[in-house]
Amino acid sequence: MRTSLLTPMGRGALSVVGVAGPGAVQFVSRLFSPRGARTLPDRPDGAIVFGSWHSRVDGPGEDLVVVRRDADTLEIHCHGGLAAAEAVMTSLERLGVLRQTWPAWLRAGGMAEIELEAREALAGIGGPKAAAIVARQLAGGLQGEFDRIEGLLAAGDPTDANAALDRLVRAARVGLRLTRPWRVVLSGSVNAGKSSIINALAGYARSIVSPEPGTTRDLLETRVVLNGWEMDLVDTAGLREDDATEGGVTGVERAGIARAAAACETADLVLRVIDGRQIDEGHLTRFANHDLLVFSKVDLTGDRGPTTRADAIWTSVITGEGIGELAGEIVRRLVPEETNEPGLLADTVPFTDRQMKLVEDLRRTVADVTGRGPRHA
Ligand SMILES: Nc1nc2c(ncn2[C@@H]2O[C@H](COP(=O)(O)OP(=O)(O)OP(=O)(O)O)[C@@H](O)[C@H]2O)c(=O)[nH]1
Ligand SMILES: [Mg+2]
């Protein structure tokens with residue numbers, strides 16, 4: 001006999017506890033007395049039964065509803081919050097019932113592995129684009145593709161099978177990142193306007209903005225969804241031109257600057273924010289090509305001047321200029337597949353390491369088939 005909390009942890013109006021195993025209905029009757037004459041085993045499958053739950057034989061009963069799905073499966077619907085469901089599950093455990101996590105519960109119920117992985121992934125996804133990708137695999141997309149590839153191999157067509165596997169590998173770069181938000185770090189000199197840009201992208205005043213150089217001291221993350229993709233924007237302490245001679249840099253600020261550098265190392269994308277009035281070529285050559293250059297405060301720079309990089313984006317948080325464009329460019333850099341190979345992510349996408357092992361296994365089969373030589377030239 002096994003039990004699991006089927007609703008999410010946390011506050012809510014209702015909690016649902018599942019109980020399953022041979023003779024579950026009979027078993028649960030030891031703790032539950034229905035209102036009315038008929039006992040739970042006397043009720044038909046599908047019955048919704050109101051009654052009292054006795055977590056302790058001598059204790060007071062708790063009003064709740066038991067749904068009899070069939071003789072071996074029940075749902076117990078009790079008050080939301082963790083206390084009521086916890087009391088129900090603890091009383092079941094005391095009688096020897098095994099408590100499971102919800103993925104283990106679904107697996108034990110015979111759910112197919114990809115469907116299970118999709119449900120787990122969906123529970124952790126924040127943006128609509130990632131959710132749509134996983135929902136397609138939940139609906140059978142990925143399993144269908146694995147079946148098709150196996151069919152191609154069985155029919156002696158390794159070339160098409162290989163092309164399909166190549167496509168899955170390309171899609172997996174994004175697929176394996178779906179449950180982890182992208183990390184975008186904003187870096188630049190003190191007062192460059194980093195915090196202002198984060199607030200403009202987030203649409204609210206998350207980071208403190210002030211004319212005082214060195215306002216941001218520690219890393220501050222803001223989770224946003226830009227163009228359908230979830231990401232963390234990481235605000236950092238501004239860099240001083242010459243740290244060694246800068247009298248105003250305290251130990252705290254220095255620690256913040258060290259953290260900023262470390263954050264850039266692990267970022268998916270670094271935005272180098274430069275005050276549009278202070279651009280010089282020396283700065284520009286310092287930044288790697290994969291960094292995104294943002295020239296801020298365009299409302300204050302009459303002329304954009306010749307010292308610009310073609311791929312830089314000019315912004316102003318005062319007029320809003322360039323903010324939408326910046327959001328678009330951030331997403332293009334993080335998910336170039338959307339631009340470079342439209343349709344790739346709209347199709348089947350592997351999203352777990354286990355699925356990628358299946359892809360590798362199929363690749364080995366392709367190599368074996370190819371090694372034996374094609375059946376038709
Ligand atoms: N006119 C104008 N002023 C801006 C713009 N962006 C930022 N500022 C001003 O520039 C100053 C610094 O902005 P912040 O966003 O705090 O800059 P920061 O890069 O986070 O600075 P530190 O945290 O000190 O490193 C503030 O006074 C802002 O109001 C802009 O687009 N136009
Ligand atoms: Mg700041």
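**Domains, a sheet and a helix pair**

Taken over C-alpha atoms, the centres of domain 1 and domain 3 are separated by 53 Å in this model, which is predicted. The domain assignment places domain 1 at residues 2-108 and domain 3 at 182-334, while domain 2 is given as two segments, 128-175 and 349-372.

Consider next the sheet, which is open and consists of seven strands in the order β3-β4-β5-β6-β2-β1-β7, with mixed pairing. Because β3 (32-34) and β7 (98-100) stand at the edges and each has a single partner strand, one side of each is left without a neighbour in the sheet. From one strand to the next, the twist averages 35 degrees. Strands of a sheet pair through backbone hydrogen bonds, in either a parallel or an antiparallel sense. Here strand β2 (residues 14-20) pairs with strand β6 (residues 73-79) in the antiparallel sense over seven bridges, and Gly18 has Glu75 of β6 as its bridge partner.

The helix pair comes next. Helix α6 (residues 141-154) packs against helix α7 (residues 158-175) at an angle of about 155 degrees, their axes lying 8 Å apart. Since angles over 145 degrees count as roughly antiparallel, α6 is roughly antiparallel to α7, and α6 passes α7 in a left-handed crossing. On the α6 side the contact is made by Leu142, Glu145, Phe146, Arg148, Ile149, Leu152 and Leu153, and on the α7 side by Pro158, Asp160, Ala161, Ala164, Leu165 and Leu168. The residues of this contact between α6 and α7 divide into 10 nonpolar and three charged, with no polar ones.

Note on methods
Residues numbered from 1 in each chain as written. Chains lettered and ligands numbered in written order. Predicted model: local features only at pLDDT ≥ 70, side-chain atom pairs only at ≥ 80, totals over all residues. Heavy atoms only, no water. Axes fitted to C-alpha atoms, helices over the stretch in contact; angles between N-to-C directions. Helix = DSSP H or I, 4+ residues; strand = E, 2+ residues; numbered from the N terminus. Parallel < 35°, antiparallel > 145°, perpendicular 65-115°, else oblique. Left-handed = near helix turned anticlockwise from the far one by under 90°. Contact = heavy atoms within 4.5 Å. Nonpolar A, V, L, I, M, F, W, Y, C, P; charged D, E, K, R; others polar. Domains from an automatic or database assignment. Pairing = 2+ DSSP bridges.
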